[in-house]
Amino acid sequence: MSQMHHGAANGSHESQEHEGHATSGPGASAAAVSCTELKEAQPAAGEQVRSFALTAAKTNMTLDNGKQTEAWTFNGTTPGPELRVQEGERVRVTLTNQDIDKGVTIHWHGVILPCSQDGVAGVTQDAVWPGEQFTYEFIARHPGTYWYHSHQQSSEQAGKGLIGRLIVEPKQQAFKYDRDYAVTLQLLNEKWKLTNGHNEGVQLDAAPGETVRLRLINAYSEVQWIGVAGAEFQVISMDGQDLNGPGMLREQWIPIGGGQRYDVLFTMPASGQVKVYSKEHKAWNIRLGSGPTPEALSKDAPDFDFTNYGTPLDDGISSEMKFDRVYDLKLGILDINGKKFHEIPPILVKEGEWIKIRFKHTFGGPHPMHLHGHVFKILTKNGKPLTGSPIYADSVLLFSGEEYEVAFQADNPGLWMEHCHNLGHAANGMTMMVNYEGLTTPYRVGTKSGNLPD
Ligand code: C2O
Ligand code: CU
């Protein structure tokens with residue numbers, strides 16, 4: 001996420017840019033539907049709307065250690081306000097850009113919503129320029145842990161602070177807990193490692209015997225290994241999707257890729273304190289309750305492995321089923337199938353089809369591959385079917401040499417990004433589209449329009 005990277009990204013955009021975007025395939029016809037028409041239906045009479053206002057602005061932040069840094073904030077803080085809504089509620093968010101000269105948007109990361117509300121500059125809307133507003137509206141259909149960030153120059157803008165949490169509380173708790181906390185891990189201005197905006201960690205209330213749901217959100221591009229010390233824990237949700245029959249764990253590091261969310265559940269011990277450590281960064285610590293500080297996990301503790309965790313549940317989706325389309329995506333250091341940005345042919349789908357994507361990591365650093373507008377099922381890792389709970393997610397993290405197969409049904413027409421959520425990688429070309437046939441957009445990516453989503 002260095003400035004140099006970003007400069008290079010802009011350069012790539014310019015040199016490839018014909019004020020177009022790979023957003024309509026051979027299937028697009030005269031009868032094409034514009035993404036802008038895909039919205040929620042009007043609210044029913046008497047339907048409640050949860051309204052929020054978010055203002056993007058430059059803010060001088062004072063960190064816990066007294067140091068000052070300029071952040072780009074929503075409502076004066078980074079992360080911006082935590083938006084908490086109930087499953088099924090209609091959410092309306094008015095974004096105002098006060099003074100971010102490069103323009104801003106808000107993308108609702110992981111939320112299944114109509115395409116026109118996805119917040120991608122140049123694909124689903126124009127960037128919102130200083131003095132302008134844009135109102136997002138969607139129904140929070142799926143409970144879970146989500147987040148939001150600008151998808152205009154997302155690498156730079158998320159790094160400068162234009163991020164926040166979105167929690168959709170379940171109508172019925174699948175898991176019981178007394179306390180529900182969410183913590184964002186963030187690297188601000190390429191320098192400050194913040195937990196919920198604090199460079200010295202956070203302290204959360206919890207009493208012995210209470211059960212805590214802790215939602216961990218990695219808003220930083222690099223993988224973070226997070227470990228719970230002082231209590232046994234369960235991983236109850238990944239990317240906002242509940243797991244089936246998650247077992248008790250102890251002394252494991254959870255590798256959380258950029259953009260990913262892991263929810264853990266634990267009961268506070270009689271000794272009083274649980275501490276959540278990060279393997280790489282001492283600055284990121286989360287303490288719950290009080291009492292003696294539990295010892296850190298050993299660096300050699302095993303990594304959490306979701307491929308054999310929890311209880312199977314047959315949903316009929318497997319790598320053997322018949323797929324309408326199968327795509328192979330080979331991930332290079334900063335490319336997909338040897339190509340970058342709009343050179344990468346979009347994945348073309350028709351509504352209703354079942355799609356399988358085979359990701360193959362060839363060489364280099366980890367890639368958390370993220371798909372907009374859909375949840376996929378992770379079918380196999382390195383050719384072997386998962387044997388535990390079904391895992392549904394909006395991203396899959398690949399380390400060097402790994403292969404994953406994922407499947408999704410094309411059930412949400414639109415033009416959707418598929419990209420690495422190491423946002424520096426995306427800004428260097430690891431970004432492509434999943435496009436439904438017959439869908440178009442009036443928006444354009446490029447220096448002329450000023451819409452630069454990555
Ligand atoms: Cu966090 Cu394109 O997304
Ligand atoms: Cu990557």
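Here are some friendly notes on this predicted model, point by point.

1. **Ground rules.** The model is predicted, so to speak of local features a pLDDT of at least 70 is needed, side-chain atom pairs count only at pLDDT 80 or more, and totals for chains, interfaces and linings use all residues. Residues are numbered from 1 along each chain as its sequence is written, chains are lettered from A and ligands numbered from 1 in the order in which they are written, and side-chain values use heavy atoms, with hydrogens and water left out.

2. **Overall build.** The protein has 3 helices and 32 strands; these are DSSP runs numbered from the N terminus, helices being H or I with at least four residues and strands E with at least two. Its radius of gyration is 21 Å, close to the 22 Å given by the globule rule for 454 residues, so the protein is as compact as a globular protein of that length. That radius is taken over C-alpha atoms, and the rule is 2.2 Å times the number of residues to the power 0.38. Along the principal axes, the C-alpha atoms fill a box of roughly 65 × 55 × 50 Å.

3. Of the 454 residues, 59% are buried (under 20% relative accessible area; exposed is over 50% and partly exposed in between, with a 1.4 Å probe and protein chains only). The exposed surface comes to about 17100 Å², with carbon and sulfur atoms supplying 49% of it; areas come from the Shrake-Rupley method with a 1.4 Å probe, and for residues only the protein chains shown count as cover. Taking contacts between residues at least 6 apart in sequence, 77% join residues at least 24 apart, where contact means heavy atoms within 4.5 Å.

4. **The copper site.** His-367 (ND1), Cys-420 (SG) and His-425 (ND1) coordinate the copper ion (ligand 2) at 2.0 to 2.1 Å. The spacing of these donor residues in sequence is H-x52-C-x4-H. His-367 belongs to strand β24 (residues 367–371) and His-425 to helix α3 (residues 423–427), so the pair ties together parts that are 58 residues apart in sequence. Both histidines, His-367 and His-425, are buried. A word on the cut-off: donors are N, O and S atoms within 2.8 Å of the metal (3.2 Å for Na, K and Ca), and water is not among the atoms, so sites may look incomplete.

5. **Leu-423 in helix α3.** Leu-423 is also placed in helix α3 and, at 2% relative accessibility, counts as buried. Beyond residues up to four places away in sequence, Leu-423 touches Ser-154, Ser-155, Ala-158, Ser-221 and Asp-454.

6. **Nonpolar cores.** The largest nonpolar core holds 94 residues, and those with the most contacts inside it include Trp-108, Leu-166, Phe-266 and Ile-378. Such a core is a set of buried Ala, Val, Leu, Ile, Met, Phe, Trp, Tyr and Cys residues joined through side-chain atoms within 4.5 Å. Setting aside neighbours within four places in sequence, the contacts of Ile-378 include Phe-306, Leu-386, Tyr-404 and Val-406. A second, separate core has 8 residues, among them Val-223, Trp-225, Tyr-277 and Ala-301.

7. **Aromatic pairs.** There are 10 aromatic pairs, counted when the ring centres of Phe, Tyr and Trp (its six-membered ring) lie within 6.5 Å; planes under 30 degrees apart are stacked, over 60 edge-to-face and the rest tilted. One of them, Tyr-220 with Trp-284, is edge-to-face, at 5.8 Å centre to centre and 90 degrees between the planes. Tyr-220 sits in the loop between β13 (211–218) and β14 (224–229) and Trp-284 in the loop between β19 (273–278) and β20 (286–289), so this pair ties together parts that are 64 residues apart in sequence. Both Tyr-220 and Trp-284 are buried. Elsewhere, ring pairs link Phe-74, Trp-108, Phe-134, Tyr-136, Phe-138 and Tyr-148 into a cluster.

8. **Backbone spots to check by eye.** Most residues other than glycine have a negative phi, and most peptide bonds are trans. The peptide bond from Thr-78 to Pro-79 is cis, with omega near -5 degrees, and Pro-79 is in the loop between β3 (68–74) and β4 (83–86). Gln-153 has a positive phi of about 45 degrees; this residue is in the loop between β8 (144–149) and α2 (154–160) and is buried, with a relative accessible area of 6%. Asn-189 has a phi near 55 degrees, lies in the loop between β10 (179–188) and β11 (192–195), and counts as partly exposed at 24% relative accessibility.
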